[in-house]
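Open the model in your viewer and keep the selection tool at hand. Work through the stops in order.

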Amino acid sequence: MAQQHGIIVLFDVENALRTRSLDGNTYWFDNMKFLGSTGEGTGDLVTIVPGTYFLDGSQATEQVLNWLPAALGAIPPTVPRNYLAERERAHDQRTLQQLAALGGEGEASGAELTRLKQRVGRRPRKQAGGRGLTATKLLDVTGSTTTSAAAYNYPAPVITDITGQAVSEKIIYPAQYGSPDMVYDGWYWAATVDTSRPGVYPYTMHVQLHELVEQNNELVWQSVDLTCESSLKITSDPKRNAFTGAGLGVLPLPAFPPAG
């Protein structure tokens, strides 16, 4: 069975949009540090991929990389994907209840109506012919609606392609897959790895961020396409059982009944 490796790419979206570069604005993590990955938490991650051979010298199976993007300082990607819509609906319901209460007490003051208007928040729209983002309201990092275009929650970064030496030399075969996953909207990027050719292979990740701009007195989401670099290192070390340190196979069973 192919071993699954997870790689999280954390983007500082605000700085990346300001500088129009992902250099110094990406932080890579994987779950193979104990096997030899280097550069964890930096922009220089080298992902280790051991297991070219089994202990008996026979060819091992391919392995699988899974990339998961996230935005620094944003609502965690672990919340359900309908979170924004649910928060938006809850804010609208509370605002309508407060508006009804004001009507029952007589004429509402201008200050009260202004406060309720701010509570409703602002809703940006997509560009004509644009793709991707829904026209939900702006939310800050606490999940509350906001009218401020300077303190909103950035949409999740989107991986659009993976290219580079590792792909052109057919070391990895990346593709986008769909699943019932509730976190990443059902889509994620993964790649099988040819473990028969040890070496270090760089690759390029293509990422789409979204910037909120004002056009004709409206807020509009604009896409910004950027790239960042990483590498994987395939070694000739044999695959080992992490529990026993020996070759793959069944785990050692404890004595039954336990001694003592």
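**Before you start**

This is a predicted model, in which local features need pLDDT of at least 70 and side-chain atom pairs count only at pLDDT 80 or more, while totals for chains, interfaces and linings use all residues. Residues are numbered from 1 along each chain as its sequence is written, and side-chain values use heavy atoms, with hydrogens and water left out.

Helices (H or I, at least four residues) and strands (E, at least two) are DSSP runs, numbered from the N terminus. Two strands pair if DSSP finds at least two bridges between them.

**Stop 1: the five-stranded sheet**

Select E2, E1, E4, E8 and E7. In that order they make an open sheet with mixed pairing. E2 and E7 (172-178) are the edge strands, each pairing on one side only. Neighbouring strands here are turned by 25° against each other on average, direction ignored. For that angle, axes are lines fitted to C-alpha atoms, for helices over the stretch in contact, and angles run from 0 to 180 degrees between N-to-C directions.

Now show E1 (residues 4-11) with E2. The two run antiparallel and are joined by five bridges. Val 9 has Trp 28 as its bridge partner in E2. E1 and E4 run parallel, with eight bridges between them. Look for Phe 11, whose bridge partner in E4 is Ala 71.

Thr 26, Trp 28 and Asp 30 are on the covered face of E2, and Tyr 27 and Phe 29 are on the uncovered one.

**Stop 2: the aromatic rings**

Which residues do ring pairs link into a cluster? Select Trp 28, Trp 67 and Tyr 203 to see them. Rings of Phe, Tyr and Trp (its six-membered ring) pair if their centres lie within 6.5 Å; planes under 30 degrees apart count as stacked, over 60 as edge-to-face and the rest as tilted. The count by this rule is three aromatic pairs. The ring centres of Trp 67 and Tyr 203 are 5.6 Å apart and the planes stand at 65°, so this pair is edge-to-face. Trp 67 sits in E4 (residues 63-71) and Tyr 203 in E9 (residues 199-215), so the pair ties together parts 136 residues apart in sequence. Both Trp 67 and Tyr 203 are buried. Buried means under 20% relative accessible area, exposed over 50%, partly exposed in between (1.4 Å probe, protein chains only).

**Stop 3: the core**

A nonpolar core is a set of buried Ala, Val, Leu, Ile, Met, Phe, Trp, Tyr and Cys residues joined through side-chain atoms within 4.5 Å. The largest one has 38 residues, and Trp 28, Trp 67, Ile 172, Met 205 and Leu 232 touch the most other members. The elements that each supply at least two residues include H1 (13-19), E6 (158-163) and E8 (187-193). E10 gives the largest share, seven residues.

Centre on Met 205. Its contacts (heavy atoms within 4.5 Å) include Val 9, Trp 28, Trp 67, Ile 159 and Leu 226.

**Stop 4**

Select His 5 in E1 and Gln 63 in E4. His 5 is buried at 1% relative accessible area, and Gln 63 is buried at 0%. Their side chains make a polar contact at 2.4 Å. A polar contact is a pair of N or O atoms within 3.5 Å; within protein, one must be able to donate a hydrogen and the other to accept it, and residues adjacent in sequence count only if both atoms are side-chain atoms. The Gln 63 side chain also reaches the backbone oxygen of Pro 50, at 2.2 Å.

**Stop 5: the hairpin**

Show E9 and E10. They run antiparallel, joined by 17 bridges. They form a hairpin with two residues between them, and Asn 216 in the turn has a positive phi of about 55°. Gln 215 stands opposite Glu 218 in E10. Asp 161 has His 206 as its bridge partner in E9.

**Stop 6: the loop proline**

Finish at Pro 198, in the loop between E8 and E9.

Note on methods. Lists of a residue's contacts leave out its neighbours within four places in sequence.
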